[in-house]
Every structure is written in structure tokens, then in C-alpha cells.
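Q: I'd like to learn how to read side-chain features off a model like this one. Can you walk me through a few?

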Amino acid sequence: MSIWNGISNFLFGNACLGCSRSGLPLDPWLCPDCREELQRLARNPRRPSPDVLCLYAMTPLTKKLVHGLKYGNMPGLAGYLVNKALQEEETFATLEEFGNRLAFVPVPLHPARMRER
């Protein structure tokens with residue numbers, strides 16, 4: 001077990017943020033099944049408009065991760081999500097089209113908040 005996993009288990013418990021199962025190897029937040037689902041989602045980035053890119057579709061897994069990022073005091077989760085997305089060639093190629101004009105913004109979870117923004 002790496003030092004980071006040991007620290008993560010101590011601070012956050014040894015439960016997957018995606019499925020809440022415990023006792024599985026985490027990396028440091030997701031179990032192998034949830035990590036595989038996240039990587040599958042990253043293979044299909046969406047562009048709802050020319051200047052917007054959605055790295056992940058909003059699924060129950062990504063909702064839990066965004067909620068943890070926004071309200072769970074887990075700022076390291078943002079880098080984790082971006083790094084997982086960049087491991088997929090499709091996402092990396094799409095990001096290169098934007099050049100230096102990138103800003104990563106968490107998507108609001110509730111439709112009312114989305115309309116407000």
C-alpha cells in the first residue's frame with residue numbers, strides 16, 4: 001500500500017466514493033469497478049457548444065464525485081478527475097483543440113442552480 005493510500009484511508013475511510021463499498025483497493029478514492037466506469041465515461045467527451053467541453057457525462061458516479069469535490073472538502077479530487085480524463089486519447093485530443101484557453105469548472109448538481117448560473 002502506498003503512503004498516499006494509507007493517508008487517504010485514515011482521513012476518508014476505506015470506502016469507495018462511487019459505490020461506498022469498503023475493503024477494496026482504492027486509488028485513492030475509487031474501487032477498480034468505479035475507476036473502470038469513470039475511464040469509460042472519459043472516452044466520450046461532449047461539446048454542447050464550441051467553447052464548452054464536458055469531460056464526463058453526469059451519471060450517478062460522477063454526481064457523487066462532483067458532490068465530494070464541491071461539498072466534501074476534497075480539492076484533490078479535481079486533479080484526479082482531470083488526470084483520469086487525460087489518460088484517454090479521445091479526451092486528450094479534444095482538449096488540445098482548446099489550446100491555452102482552458103478553465104475547469106465543476107458542473108452544478110441541481111437543475112435550479114444550473115438555470116441560476
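Q: Is Arg43 buried, exposed or partly exposed, and what puts it in that class?
A: This is a predicted model, so keep that in mind throughout. The general idea is that under 20% relative accessible area is buried, over 50% is exposed, and partly exposed lies in between. Arg43 has 38% relative accessibility, so it counts as partly exposed.

Q: Which residue does Arg43 meet in a salt bridge?
A: For a salt bridge, you look for a Lys or Arg side-chain nitrogen within 4 Å of a carboxyl oxygen of Asp or Glu. Here the partner of Arg43 is Glu88, at 3.1 Å from N to O. The pair ties together distant parts of the chain: Glu88 sits in the loop between H4 and H5, Arg43 in the loop between H2 and strand S1 (46-49), and they are 45 residues apart. Glu88 has 10% relative accessibility, so it counts as buried.

Q: How many salt bridges are there, and which residues share partners?
A: The count is 4 salt bridges. Among them, Arg35 and Asp27 meet at 3.3 Å, N to O. Asp27 also bridges to Lys84, with the closest N and O atoms 3.4 Å apart. Lys84 has a relative accessible area of 12%, so it is buried. Shared partners join Asp27, Arg35 and Lys84 into one network.

Q: What about aromatic pairs: how many turn up, and how are the rings arranged?
A: Searching the whole structure gives 1 aromatic pair. The geometry comes from the ring planes, and over 60 degrees apart counts as edge-to-face. Trp29 and Tyr80 have ring centres 5.3 Å apart and planes at 80°, so they are edge-to-face. Trp29 lies in the loop between helix H1 (3-12) and helix H2 (32-42), Tyr80 in helix H4 (residues 76-86), 51 residues apart. Both Trp29 and Tyr80 are buried.

Q: Where do the buried residues of H2 lie around its axis, and which helices do they pack against?
A: List them, then check their directions around the axis. In H2 the buried ones are Cys34, Leu38, Gln39, Leu41 and Ala42. They cover an arc of only 160°, so they are on the same side of H2. They pack against helix H3 (60-71), H4 and helix H5 (89-98).

Q: And the whole chain: what is the pattern along the sequence?
A: Reading along, you get α-α-β-β-α-α-α-α, from 6 helices and 2 strands. Of the 117 residues, 34% count as buried.

Key
Residues numbered from 1 in each chain as written. Predicted model: local features only at pLDDT ≥ 70, side-chain atom pairs only at ≥ 80, totals over all residues. Heavy atoms only, no water. Phe/Tyr/Trp six-rings, centres within 6.5 Å; stacked < 30°, edge-to-face > 60°. Helix = DSSP H or I, 4+ residues; strand = E, 2+ residues; numbered from the N terminus. Buried < 20%, exposed > 50% of the residue type's maximum accessible area, 1.4 Å probe, protein only. Arc of directions from axis to C-beta. Contact = heavy atoms within 4.5 Å.
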